[in-house]
Each structure stands twice: as C-alpha cells, then as structure tokens.
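Good morning, and thank you for coming. I would ask you to keep the sequence and the structure in view while I speak.

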Amino acid sequence: MAAGARPELFSQRRRPPWELLIDRGFQKLAVVLASVVGLVLIGILFTVLGGAREAIARFGLGFLTTSDWDPIGEHYGAFTAIYGTVVSSLLALAIAVPLGVGTAIFLTENFIPLPVRQVLGLMVELLAAIPSVVLGLWGIFVMEPFLRPGLTSLHQWLGWLPFFSTTPLGPGMAPAVLILVVMILPIITAIARDSLQQVPLALRQAAYGVGTTRWGAIVHVILPAAISGITGGVMLALGRAMGETMAVTMLIGNSNNFSLSLLAPANTISSMLANQFGEADGLQVSALMYAALVLMLLTLVVNLLAQVIVRRLSLKY
Amino acid sequence: MTTFSRGSLTLQPSLARNRWNLLLTLTAGLFTALAVLPLIVVIAYVLFKGGSLITLQLLTALPPPPGLDGGGIGNAILGTLIVTLVAAVIAVPVGVGAGVYLAEFASAGWFARFVRFGTNVLAGVPSIICGVFVYGLIVSTRLFFNQSYSALAGGIALAVLMLPTVIKTTDEALKLVPQELRWGAMGVGASRFVTITRVTLPAAFSSIATGVVLAVARAAGETAPLIFTALFSPFWPEGLFNPIASMSVLIYNFAIMPYEAQIALAWASSFVLVVMILLANLLARWLGRFSST
C-alpha cells in the first residue's frame, strides 16, 4: 500500500450482532424446515407400523397368502388385494411401455414437423394433469360401457382360458388395467422423451454416417444410449400404478373373492383402503394398516430400484 | 478402388431394411395416436357433458339430498379452494425452506443427502398412504379440539403430497442461479440472509413459482388423501375444524350413486376441476417463460 493512504478508507465494517443473529437464525430455520421431510417419513412409518401392530401379531405372514376378508369373524388376509395390485400394475405397464416409448420416439426423432410434435407433446403432458377421479368417472360412464361388447366376445371366444373365464359384468380387472394405462402413459412418455432428447447429436450423426437407416439408428444406437433414463421412468410409473387409487377403485369392482379371470371384479390394496378405511374400526383398521404397510414396502422397493437402475445403467458415452 | 453402380445411391424402398423402416415408423405413429386419443376423448367428454350443465345456480347452490333434482356444487368449489389453500400455506414455506437449505447451506454432507433421499422416497409414497398417515396422526387421535375429520386434516394430507415437489423445484431452481450472483452479493457486503432473500430467491422466483403452481394444481385434483381426512359435507364450509366438501370427493361419492341428478353434478364438478387445473398448467407454462435461462 502506498504510504500516506488514509487508512479509514479501508476500514472494515463490522457486522452488527443482530445481522449475525438473523443469519444464524435463518440457517437454523432452514435446517428445521429440511428436517420436516425426515419427520414426515418417520411419522408415516410409525403411524402405519403402529396401526398394523395388532394385525401383524394376530395374522403374521399368513396375512399375505390368505384371502379371507371377514369383518364379522375378524379374520383378514390380503392376498387378493396384493395379487390385484401387482397384476394390475404389471399388465398396465406391459401395455403402456411400448405405447409410451413408441410415442416418445415419434415425438423426438423428426418424423413430423416440430410445431406438430410440440403440440402433441403438450397434449400428452396435459393428460398427466387430469385428476384420476375424473378419469374414473369417465371410465365408469364412457370407457367401460364402450369396452363391454369387446370383452364379452373375448369371453365367448377365449372363455376356455382361465383369464377370460367369467362374463364381464361391468367393473373388473380389465377396465382398471386400461385406465391405469391411460394414467401412466404420460409419465413413461415424458421421461422417455427427456432421455431420448439428451442423447448427444454426435451419436446420431455417427450412426447415420456409417449408413444405417433411421430405425437402425434408433434401435441400435439411440435407445441403448437412453435406456437408463427410460428404465428409471418405467419403474417410477410402476410405483405410481401400484399406488394409484381413485380411478382403479371406481373401476375394479372391489371384490375380495380371488379370481384368475381378468374380466371378474378384483381388488387392489389402495382401493381396499379407499373403500373401507372410513367405516372400519377395531381390528379391521389394523388389518388395513397392515395392507397399507405392504403397499408402502412394495412402492418403496420399486422406487429404490428405479434409482439404482438409473445409476447402474447409465451408459458412459 | 471400387466403383458404385448407378442405382446404389438411390433409395430402394423394396429393400428389407427400408420396409422395416416404414413399418416401424407407421407403428410409432399409430402408438402416438393411441396415446393422444384418450386425452382428446376425456377432455371432449368433460367439456361437453360437464360444460353443458354449468349454470350460475349450479356454481353457487348446495348439492341436493340424494334422489332430488337441482342443487349445485358451490360448497365443493369453495371447499377445494380452502383445502388446497391450507395445503399450499403449509407446504410452500416448508418446501422452499428445505430447498434453500439443500441448495444454499449444504449441498453435500450426510444430512443433505438424507434429506434429498427422503424427498425422493416421499415423492414415491402413494397418495392414499398420506391419507392413512394423517388419519392415524390427526383424525383418529382427535388432535385438534377433539374434532375428528376436518378441513385442516385434509389440507395437511395434501401438504405432505405437495412437499417433495416444492422441495425439488426450489433446490433445482436455486442450483441454476449463477454462482457469480452470490459472490457479487457477498462481495458488496450482504449477509447470507440478505443474499438469499434479496438476490438468489428472486432470481429463481419464476422457476419456483412454476413448480408451486403445478404442485397446487395436482393437489387440487387429489381425492385419495381427502376421503378419510376432510371427508365430505353437504353444507357450506364450517371453519377449518369441521369436515368439508371438495370437488374431487364429490365426484367420487356421486359417481357411484344411482341418481341422475348426482351423476350430472359429478360431471359438472369434473368440468370445473379440469378447467381449473388446465388453467393452472397454462399459468405455470406462462410463468416458466420468465425463467432466466
């Protein structure tokens, strides 16, 4: 520093104590607010576990493999509901994955002009915004009556198969699966579209450069590069389908009688909860909490798997 | 050096690979049509079937007793607004605070990792489980003034559902704010608190607002967390500590009733709900345009 410079020009401003106090308080507040997430999670776990304790003690693991649901005899088993949850979401996934990924490919590769693609993409995204109870209402009054003749003839032709062995009477597994497809399609499409868009342009250009066709590039280069994101999205959609409640409850028929037939009424854990929780008391609440615990664990496993898959499968290009 | 024959550089549609190409393109186009079709059909049904029922009386009256005609969904519209507002009032400050913590105070470290992980887990918890949780925590224990079902309980259930979305959007929006802005603010002597509240948060405002609007729109349409927390009420809202009507629960309850009048009200509610949600989505898109990037 040059001699003669007036030192007061460079004097430090001391932070007043209240300013430090505000800073520290603000940081503490942020920590507290961040820990709300943890508290809520622990709260959910303890509430459900605590509620289920009685049923767990009484029925043990047999709850998962039996399917009586008898509030008068106080005997409960959730096999039908667990089977319904798993089967409905897997079937929905089997239909929605090809549709969703196909749509995502169509909306990212330049088959059609960009403005048209953007409008279609927006429409698929808006489909995700429609509340599930509205889809349920539409399912009851529009989709299910529309499908019934088709399902009836399916029963007449393929009735010898156990999967189509009952006459469709309205609500049942098949309409519930189809409404689930409508619900998870936007998730799969949106995530697959994002992953496809992130594939570097150089990869496409290189593929075209060695003389492949458009679909050669898509199948052998672009899809493998985007597979981690797509698989993650599919797993997220599976988790969503398992937990989906309203539309399924309105269409599945809520029957605890186990049936292999996709045309018969069935049940899922979430629709059982939606239907019975309000009116249940005593041991039934506990049994429902036990079922809720099973649902939580199922979705947790699927969601964790989704995160692991995304991390594992990421191609290093 | 090989020479190319005249035809080898022109497209030969009869080649197997080109046939496959065409077939797959048509399949993908068909899939897209199938994926967009439900949206068009659902929206068309809701707009025409529900929209044709809308009258001023329907928007302002109470639902009729089962079996009677007339009436409206006024209490359900008001109820949805109240419950969603309660949820937003709880979830937005908590979520933004948690997001600020993640992005500004602790990007690494075990606690931040735990919070991020917890946010992801919470985002995957089915909405009906949120309902079960609030039922067990608040409704069955009669936590608030010995009341069981209440608007507040419903709002809290929806808040739990909104929380992960708000945290994630805040966290990601703040991370996109250029580091230079923070350095600049610190450099002119601003405290941490002032830097965040006057520089970083305003810079990320439109992205956060977009996320919040989307989360609110999603919460407004949720039914599962409300059916055994807020329950339903055929009357006008009676404060936060009593059961309250909502459009989504009205649709669920009335859709399975064997009365034409109730089913018509369910369609009308769907119309109002879908229009509100689509408008909120458009608002979110419009807000998103103001993002700095």
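This is a predicted model: local features need pLDDT of at least 70, side-chain atom pairs count only at pLDDT 80 or more; totals for chains, interfaces and linings use all residues.

Let us turn to the contact between the chains as a whole. Chain A contributes 72 residues and chain B contributes 68 residues. On the chain A side, the most comes from helix α1(A), residues 17-59, which supplies 20 residues. That side of chain A is made up of 47 nonpolar, 20 polar and five charged residues.

I come now to helix α3 of chain A, residues 114-129. With 16 residues at 1.5 Å each, this helix should span 22 Å, and the 23 Å between its end C-alpha atoms agrees with that. Where do its buried residues lie? In α3(A), the buried residues include A:Leu120, A:Val124 and A:Leu127. They cover an arc of only 50° around the axis, and therefore sit on the same side of α3(A). The face of α3(A) turned away from the buried side carries the exposed residues A:Leu114, A:Pro115, A:Gln118, A:Val119 and A:Leu122. What do the buried residues of α3(A) pack against? Their partners are α2 (79-108) and α5 (173-197) of chain A, together with α1 (16-51) of chain B.

Buried in α4(B) are B:Val115, B:Gly118, B:Thr119, B:Leu122 and B:Gly124.

The next topic is backbone angles. Most residues other than glycine have a negative phi. A:Asn254, however, has a positive phi of about 50° although it is not a glycine. This residue is found in the loop between α8 (246-252) and α9 (269-276) of chain A. Is A:Asn254 buried or exposed? It counts as buried, because it has 20 C-beta neighbours inside 10 Å. In chain B, B:Leu231 also has a positive phi, near 55°. B:Leu231 belongs to the loop between α9 (205-221) and α10 (247-255) of chain B, and is buried, with 22 other C-beta atoms within 10 Å.

Finally, two residues within helices. A:Ala225 lies in helix α7 of chain A, residues 214-243, and is partly exposed, with 19 other C-beta atoms within 10 Å. From A:Ala225 to A:Asn254 there are 29 residues in sequence and 42 Å in space, C-alpha to C-alpha. B:Thr169 lies in helix α6 of chain B, residues 151-175, and counts as buried, with 22 C-beta neighbours inside 10 Å. Leaving aside neighbours within four places in sequence, B:Thr169 is in contact with B:Ser207, B:Ile208 and B:Gly211. B:Thr169 and B:Thr229 are 60 residues apart in sequence, and their C-alpha atoms are 27 Å apart in space.

Terms used
Residues are numbered from 1 along each chain as its sequence is written. Chains are lettered from A and ligands numbered from 1 in the order in which they are written. Two residues are in contact if their C-beta atoms, placed from the backbone, lie within 7 Å. Helices (H or I, at least four residues) and strands (E, at least two) are DSSP runs, numbered from the N terminus. Ala, Val, Leu, Ile, Met, Phe, Trp, Tyr, Cys and Pro count as nonpolar, Asp, Glu, Lys and Arg as charged, and the others, Gly among them, as polar. The expected span of a helix is 1.5 Å times one less than its number of residues. A residue is buried if 20 or more other C-beta atoms lie within 10 Å of its own, exposed if 12 or fewer, and partly exposed in between; C-beta atoms are placed from the backbone. The arc is that of the directions from the helix axis to the C-beta atoms.
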